[in-house]
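Subject: the structure I promised you

Hi,

Here is the structure we talked about. Have a look at it first, then read my notes below.

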Amino acid sequence: MNAITSDALQAQAPGAVQAAVAALEEDIVFGRLHPRERLTEDDLMARFSMKRHVVRQVLADLELLGVVEKKRNVGAVVRAFSAREVMELYALREVLEVHAASLIPLPVPPARLAALIAVQREHDAAVADGDARRVFRSNQRFHHEFFGLLDNAVLGQAIEEYARRTHPIRFGSLTSAAYRERARQEHWALINALRDGDRKALMAVCRNHLVPSRDAYLASEQARPGA
């Protein structure tokens, strides 16, 4: 990634911080930065042409997102999860997301279903092109639109918050073409369940949709030397 120029940083510091946070978040999601890997201030200052205090803000924002943690005598590292933490996080996500699916009003108004389909077309194109970054961002938009059908801002925010906290867990599925294709097909299964008014299928797909990223992370951690 090209460094952000110092002139741009002076002119748009908040935007530069957001861009750096997004870039590092994607590095974590796509496995370019691995669990337990250190993020040093000096390296980030050089990469993004940032002052130290701005880099510290970037790291603080990543910590708030739950993808980075501070360790004593080590500094900032990419968040790693124990098997128990992974299971607990995904169990909570299942409760939230399946509950939301149980409450979405059916039938869905045609205009809102069409809006969801339009987002999924973007996801289809990203998967077909093998563009992992576009897959990640269009996947986020799809789920935001999907759970927005509930018109419950509090539940929607909780779902997005815990989905974000599992970003460091998801690299094993997002970097795999087979997993991306499975997710694409499951999105269409959700759309079809909405179109058919099939509540049972809607809830089942929501539950199963969480499994690949959870299991891929657990498998990668089990295979890690010294695990």
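Let's begin with Glu25, which counts as buried because its relative accessibility is 7% (buried means under 20% relative accessible area, exposed over 50%, partly exposed in between, with a 1.4 Å probe and protein chains only). This is a predicted model, where local features need pLDDT of at least 70 and side-chain atom pairs count only at pLDDT 80 or more, while totals for chains, interfaces and linings use all residues. Residues are numbered from 1 along each chain as its sequence is written, and side-chain values use heavy atoms, leaving out hydrogens and water.

You'll find Glu25 in helix H2 (residues 13–29); helices (H or I, at least four residues) are DSSP runs, numbered from the N terminus. Not counting residues up to four places away in sequence, Glu25 touches Leu62, Leu65, Arg137, Arg164 and His167, where contact means heavy atoms within 4.5 Å. With His167 there is also a polar contact of 2.9 Å between the two side chains. (A polar contact is a pair of N or O atoms within 3.5 Å; within protein, one must be able to donate a hydrogen and the other to accept it, and residues adjacent in sequence count only if both atoms are side-chain atoms.) Val68 is 43 residues from Glu25 in sequence, yet their C-alpha atoms are 9.2 Å apart in space.

Next, is Thr166 buried or exposed? Thr166 is buried, with a relative accessible area of 0%, and sits in the loop between helix H8 (153–165) and helix H9 (171–174). Leaving aside neighbours within four places in sequence, Thr166 is in contact with Leu89, Tyr90 and Arg93. The side chains of Thr166 and Arg93 make a polar contact at 3.0 Å.

Now for two helix pairs. The axes of helix H5 (residues 83–103) and helix H11 (residues 199–209) come within 9 Å and cross at roughly 160°, which means H5 is roughly antiparallel to H11. (Axes are lines fitted to C-alpha atoms, for helices over the stretch in contact, and angles run from 0 to 180 degrees between N-to-C directions; under 35 degrees counts as roughly parallel, over 145 as roughly antiparallel, 65 to 115 as roughly perpendicular and the rest as oblique.) On the H5 side the contact includes Glu94, Glu97 and Val98, and on the H11 side Arg199, Leu202 and Met203 are among the residues. By class, the H5–H11 contact has 6 nonpolar, 1 polar and 4 charged residues (Ala, Val, Leu, Ile, Met, Phe, Trp, Tyr, Cys and Pro count as nonpolar, Asp, Glu, Lys and Arg as charged, and the others, Gly among them, as polar).

The axes of H7 and helix H10 (residues 177–196) come within 12 Å and cross at roughly 20°, so H7 and H10 are roughly parallel to each other. Among the residues that meet there are Phe142 and Phe146 in H7 and Leu190 and Ile191 in H10. That contact divides into 7 nonpolar, 3 polar and 1 charged residues.

Finally, some backbone details. The peptide bond from Leu106 to Pro107 is cis, with omega near 0°, and Pro107 lies in the loop between H5 and helix H6 (110–129). Ser49 isn't a glycine, but its phi is positive, near 50°; Ser49 is partly exposed, at 30% relative accessibility. Asp151 also isn't a glycine and has a positive phi of about 55°, and at 59% relative accessibility Asp151 counts as exposed.

Cheers
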